[in-house]
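Hi everyone, thanks for coming. Let me put the structure up, and then we'll walk around it together.

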Amino acid sequence: SISWSRKGPWPDVIAFTATISAVEQGNRWEIALCLLEWMRSNTTKPNEVAYTTAICACSAGLQWRWALQLLQSLRNSTLKCDVEACSATISACGRCGQWEC
């Protein structure tokens, strides 16, 4: 669970995405998922880049199931499911040897 002290302006989608990218580098995919969920349930809505960055964090953490779930969430949203999101998901599956549907 993430606790956020609200002192100053609320972080925008760029700040959240940069944070997701930072936790990806630290192999903390769980925090990336929490941040994305925080965005979805609050005023800062994730964009395609935020989803793709979270998928990359899952790939780095060998969490192919979460990557697939995020891709499905992206596809079910009003956002565009782009080649980067699909490629990151394929990479997650490939890194874990999940080549069959």
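Leu 62 sits in the loop between α3 and α4. Helices here are DSSP runs of H or I with at least four residues, and strands are runs of E with at least two, numbered from the N terminus. Before I go on: this is a predicted model, where local features need pLDDT of at least 70 and side-chain atom pairs count only at pLDDT 80 or more, while totals for chains, interfaces and linings use all residues. Residues are numbered from 1 along each chain as its sequence is written, and side-chain values use heavy atoms, with hydrogens and water left out.

Back to Leu 62. Its phi is near 55°, a positive value in a residue other than glycine. Leu 62 is partly exposed at 46% relative accessibility; buried means under 20% relative accessible area, exposed over 50%, and partly exposed in between, using a 1.4 Å probe and protein chains only. Asn 27, in the loop between α1 and α2, also has a positive phi near 55°, and with a relative accessible area of 43% Asn 27 is partly exposed.

At what angle do α3 and α4 pack? For helix α3, residues 48-60, and helix α4, residues 64-76, the angle is about 165°, and their axes are 8 Å apart. The axes are lines fitted to C-alpha atoms, for helices over the stretch in contact, and angles run from 0 to 180 degrees between N-to-C directions. That makes α3 roughly antiparallel to α4; the cut-offs are under 35 degrees for roughly parallel, over 145 for roughly antiparallel, 65 to 115 for roughly perpendicular, and oblique for the rest.

Who meets whom? From α3 we have Glu 48, Tyr 51, Ala 54, Ile 55 and Cys 58, and from α4 Trp 66, Ala 67, Leu 70, Leu 71, Ser 73 and Leu 74. Contact means heavy atoms within 4.5 Å. By class, the contact of α3 with α4 has nine nonpolar residues, one polar and one charged. Ala, Val, Leu, Ile, Met, Phe, Trp, Tyr, Cys and Pro count as nonpolar, Asp, Glu, Lys and Arg as charged, and the others, Gly among them, as polar.

Helix α3 has another partner, helix α5, residues 83-95: their axes come within 9 Å and cross at roughly 10°. These two helices are therefore roughly parallel to each other. On the α3 side, the contact uses Thr 52, Ile 55, Cys 56, Ser 59 and Ala 60, while α5 brings residues including Glu 84, Ala 88 and Arg 95. The contact of α3 with α5 divides into six nonpolar, four polar and two charged residues.

Is Thr 53 buried or exposed? At 12% relative accessibility, Thr 53 is buried. Leaving out residues up to four places away in sequence, Thr 53 touches Thr 17, Ile 20, Ser 21 and Glu 24.

Finally, the cysteines. Cys 81 is partly exposed, at 27%.

Thanks, and I'm happy to take questions!
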